Amino acid sequence: MRTILQNGRIDGSDATDIVISDGAIEQIAPPGTVTAEPGDETIELGGQLVLPGFVDGHSHADKSLWGEPWVRRGSVAITMDQMFDDTLQQWALPQASIKERARRFLEMSVAAGSTTIRAYADVAPEIGLDGVHAMLELKQELAHLADIRVVAFPQLGILRKPGTEELLEEALVAGADAVGGLDPAGVDHDALKVLDIVFGLAEKYQVAADFHAHEDGELGVWLVDRIAERTRVLGMGGKVSMCDVFALAQPSPDQFAHLSSTFADAGIAFSIGVHGLLPVPDVKGLHEAGVAMCLGSDSSRSLWSPWGDGDILSRAMMMSYKSYWRTDDDLELAAQLATSLGRRALGLDARGVEVGASADLVVLTGEAVAEVVVQPVPRSLVFKRGVVVARDGALVADDVPASRQEPVSRPRRLSGR
Ligand SMILES: [Zn+2]
């Protein structure tokens, strides 16, 4: 059986018909030229935009309090110590299980169009591997909705929390897809030792490595250089990524030139931080230098941050707004970072809506890609491997035919829509 999408406008171009078979795009043809055969399903898109499925390269679903009663946030200090304290307090809150909360957040992320998600699972002596096990179970249970990669993440540091190194290794034995590090210099105060641990585990278990890096200025530049050295020596180009990287937020021209060429040459991908606190890095400059980049929902509705709803198109909007991007070319780049370029940053097939590519698609109303970046309207349809998994901003039940799918009994609509 095939699914024929009629009159869709791929990335805002002229209307075409898109034929999906076995989860992949089989044919792209002028409107009305594909003849439906018995058993084929046709879906009329009426000129809506068709984009590749979105990529969330930095999701802390395990920390989201989505669906829980609102918690008043009162911590004022913007410091790592305060964030650690909030994290510990959140773990102690009476609340639904990590798995239940993460499921809610991931389902909402899919309803907003994310079909590929890199999710960080906190690892620390205080919670052991509860987060890792929850996320690995969800990776399996939600495989029909999104490809989920799980990063074992030392949210409280590695050296400052004895026992964390052993837990990270147990997480990899349990099946985590990558090993993470947090501020090897700024938090753990012995960057080289942390890099020994993280790269050592990555090499031993043949997994990717990822670093959150809130070190700025010269220390941040020094840290990127050390990570790049290890990446090169171990031949791990394309398997190392970094998030936040405050050194990229306000660099000198020389620092920017050095950092962008180092990222590109070493094959380190960058998950763009869109922080209220700091300027967005020079994304266009990084792109021109050849740095692989993605967007991420980051810590959304945790005890630390009330912001975020898992909507990567909204992140693209915020990034564009903070960067004062106005031209269609720039806004189209923002959409690509949310889609095909984001897939490239995760080392995946970077094809867009093309013959042979997986039919991970997002359909939404708009005249142009730039328009939906500046005004992220609800997603009409989300396809994962050719199957409709969300409609009008809510997941669909997966046990009824696509032609009469309705929202699940408890719709999880996108906030504010
Ligand atoms: Zn993060």
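**View 1. Division of the predicted model into domain 1 and domain 2.** The chain of this predicted model splits into domain 1, residues 2-53 + 350-404, and domain 2, residues 54-345. Between the C-alpha centres of domain 1 and domain 2 the distance is 29 Å.

**View 2. Contacts between domain 1 and domain 2.** In domain 1, 24 residues are in contact with 27 residues of domain 2. On the side of domain 1 that touches domain 2, at least two residues each are supplied by β5 (49-52), α12 (369-374), β15 (381-384), β16 (387-391) and β17 (394-395). Helix α12 provides the largest share of this side, five residues. Sorted by class, the side of domain 1 that touches domain 2 consists of 16 nonpolar, three polar and five charged residues.

**View 3. The largest nonpolar core.** This core has 133 residues, and the members that touch the most other members are Ala152, Met293 and Ala316. Helix α5 (residues 191-205) gives the most to the core, eight residues. Because residues of both domain 1 (2-53 + 350-404) and domain 2 (54-345) belong to this core, it lies between the two domains.

**View 4. Surroundings of Met293.** Met293 is one of the core residues that touch the most other members. Leaving out residues up to four places away in sequence, Met293 touches Ala269, Phe270 and Ile272, together with Val283, Leu286 and His287.

Conventions. Residues are numbered from 1 along each chain as its sequence is written. This is a predicted model: local features need pLDDT of at least 70, side-chain atom pairs count only at pLDDT 80 or more; totals for chains, interfaces and linings use all residues. A nonpolar core is a set of buried Ala, Val, Leu, Ile, Met, Phe, Trp, Tyr and Cys residues joined through C-beta atoms within 7 Å. A residue is buried if 20 or more other C-beta atoms lie within 10 Å of its own, exposed if 12 or fewer, and partly exposed in between; C-beta atoms are placed from the backbone. Helices (H or I, at least four residues) and strands (E, at least two) are DSSP runs, numbered from the N terminus. Domain bounds come from an automatic or database domain assignment. Two residues are in contact if their C-beta atoms, placed from the backbone, lie within 7 Å. Ala, Val, Leu, Ile, Met, Phe, Trp, Tyr, Cys and Pro count as nonpolar, Asp, Glu, Lys and Arg as charged, and the others, Gly among them, as polar.
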